[in-house]
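Subject: Structure handover

Hello,

Please find the structure below, with notes on what was found in it. The notes go chain by chain and then residue by residue.

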Amino acid sequence: MNGIHDVGGKHGFGPVLVEQNEPYFHEEWEGRMLSMMIACFAAGIYNVDQFRHPIEKMDPRHYLMSSYYEKWLCTVEQNCIDAGIVTRAEVDARHAQLMEGKAA
Amino acid sequence: MTTDNHSHANVLIPEVGLRVKALESLLAEKKAIDPAALDLIIETFETQMGPKNGAKVVAKAWTDPKYRSWLLEDGTAAIKSLGYIGVQGENMVALENTPTVHNVVVCTLCSCYPWPTLGLPPIWFKSAPYRARVVIEPRSVLKEFGLDVPDDVEVRVWDSTAELRYLVLPMRPSGTENLTEQELAALVTRDSMIGTGVAQSPSH
Amino acid sequence: MNMLTTDMVPTVLATGDPARVDVEVAPKFKAGDTVTVVNLNQVAHNRLPAYIRGKVGTVTFDHGVFVFPDTSAHRQGPKPQHVYTVVFTAHELWGDAGHPRDRMYVDAWDDYLESAG
């Protein structure tokens, strides 16, 4: 698809910003996301192409603003929903519950 | 046309780390994932995957002409012999930098990167500016990385759109004739194997 | 579903998803062939970046037979076919904005290429 992901040759993104001494993971959840992505792949929930496609279908604004691990969350969640393992409502509810727990 | 009220904040997933946790806990309850396996994957990445692996490949190629030929001829087999083939580095191609050719690697469509040899990619490699610009203006991008490529040197940009993963074999720095393979590996930076840098000289 | 357990982790990380398939498929092209990239604008998944569509390049290497992403992403089978590296001059892709010496190497499946010879 002619998605926002296809950025090769586009102007206007500005300089390449390099973070010195970049850590392997900036936050703990990034490592969980990486490993969940591999575990779900190994479980046969998606192949590499099924993994990539939902990222291309993200809202272009969300795509450009989000980190790569956030994009991975979007596609792993979508693939797990498509495979009938979880529903969006279940993820929304658990997410809300955890946010409430944190706020409390 | 409706007014776009989206602020940056509400385009992103709120408390994204908690949504990751929510998904992980649900998948674990449904026996789709085993959190202990996730722990082990993270540990493996943190302890066994990273540019030090690629550096060993490069140092070996610098010191062993037979290995160098093999690496350039069949990157997958030559890298496999050192144990660095695996997820997101299943099919490897080595690209040789010379005094007349400078190679640089990108993935414009996502962020494909050879995990077993280089580890996980830095943020800039995954960023839109790098992916957008390095194919159309490689020389100015390389200049931002401190590499001034002379006009008579050919720049080759490799866009890993398929399932081949690329590793740049940087030029061996001068003044390193007496160094051991291990000492040479210490000069091989991550960026020199992406092509946005060169190997360090021993005086560094 | 085959849940990944700790004992399987080393094998999974060492194996990955090779995407290379062991079937005999005749290649449409060989190294040295001049090719035109198809002007693909499908909504379905593909791995054909816009900046090479319609451009003319030269096949430099045949990497063998791989799963085809356009069908694989939509559970329509692997449609195995050859993947090549195709080289383009910077001038072909970017006109006068391209440096005369520079080259872009892009990997492309058989279905993305037509003979320009």
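Accessible areas come from the Shrake-Rupley method with a 1.4 Å probe, and for residues only the protein chains shown count as cover.

Some ground rules come first. This is a predicted model, in which local features need pLDDT of at least 70 and side-chain atom pairs count only at pLDDT 80 or more, while totals for chains, interfaces and linings use all residues. Residues are numbered from 1 along each chain as its sequence is written, chains are lettered from A and ligands numbered from 1 in the order in which they are written, and side-chain values use heavy atoms, with hydrogens and water left out.

Chain C

The secondary structure of chain C consists of 3 helices and 5 strands. Helices (H or I, at least four residues) and strands (E, at least two) are DSSP runs, numbered from the N terminus. Along the sequence their order is α-β-β-α-β-α-β-β.

The radius of gyration of chain C is 17 Å, whereas a compact globule of 117 residues would have one near 13 Å. That radius is taken over C-alpha atoms, and the globule rule is 2.2 Å times the number of residues to the power 0.38. Along the principal axes, the C-alpha atoms of chain C fill a box of roughly 55 × 30 × 30 Å.

Of the 117 residues in chain C, 48% are buried. Buried means under 20% relative accessible area, exposed over 50%, and partly exposed in between (1.4 Å probe, protein chains only). Among the contacts in chain C with a separation of 6 or more, 62% are between residues 24 or more positions apart. Contact means heavy atoms within 4.5 Å.

Chain C carries 10 positive and 14 negative side chains, and the centres of the two sets are 5 Å apart. Lys and Arg count as positive and Asp and Glu as negative; His and the chain ends are not counted. The place of a charge is NZ of Lys, CZ of Arg, CG of Asp or CD of Glu.

Most residues other than glycine have a negative phi. A19(C) is not a glycine, yet has a positive phi of about 65 degrees. A19(C) sits in the loop between helix 1 (9–15) and strand 1 (34–37). R75(C), also not a glycine, has a positive phi of about 55 degrees, and is placed in the loop between helix 2 and strand 3 (81–89). Are these two buried or exposed? A19(C) is buried because its relative accessibility is 10%, and R75(C) is exposed because its value is 57%.

Chain A

Chain A has 5 helices and 0 strands. Its C-alpha trace spans about 40 × 35 × 25 Å along the principal axes. Buried residues make up 54% of its 104 residues. The accessible surface of chain A is about 4700 Å², with 55% belonging to carbon and sulfur atoms. There are 9 positive and 15 negative side chains in chain A, and the centres of the two sets lie 3 Å apart.

Why is helix 2 (residues 48–56) of chain A largely enclosed by the rest of the structure? It is so described because 9 of its 9 residues are buried. The cover over them includes helix 1 (28–42), helix 3 (60–65) and helix 4 of chain A, strand 4 (165–169) of chain B and helix 2 of chain C.

Where the chains touch

S72(C) belongs to helix 2 (residues 69–72) of chain C. S72(C) counts as buried because its relative accessibility is 7%. Not counting residues up to four places away in sequence, S72(C) touches N47(A), D49(A), Q50(A), V67(C) and G77(C). Of these, D49(A) and Q50(A) are among the buried residues of helix 2 of chain A.

V86(A) is in the loop between helix 4 (68–82) and helix 5 (88–103) of chain A. With a relative accessible area of 3%, V86(A) is buried.

Regards
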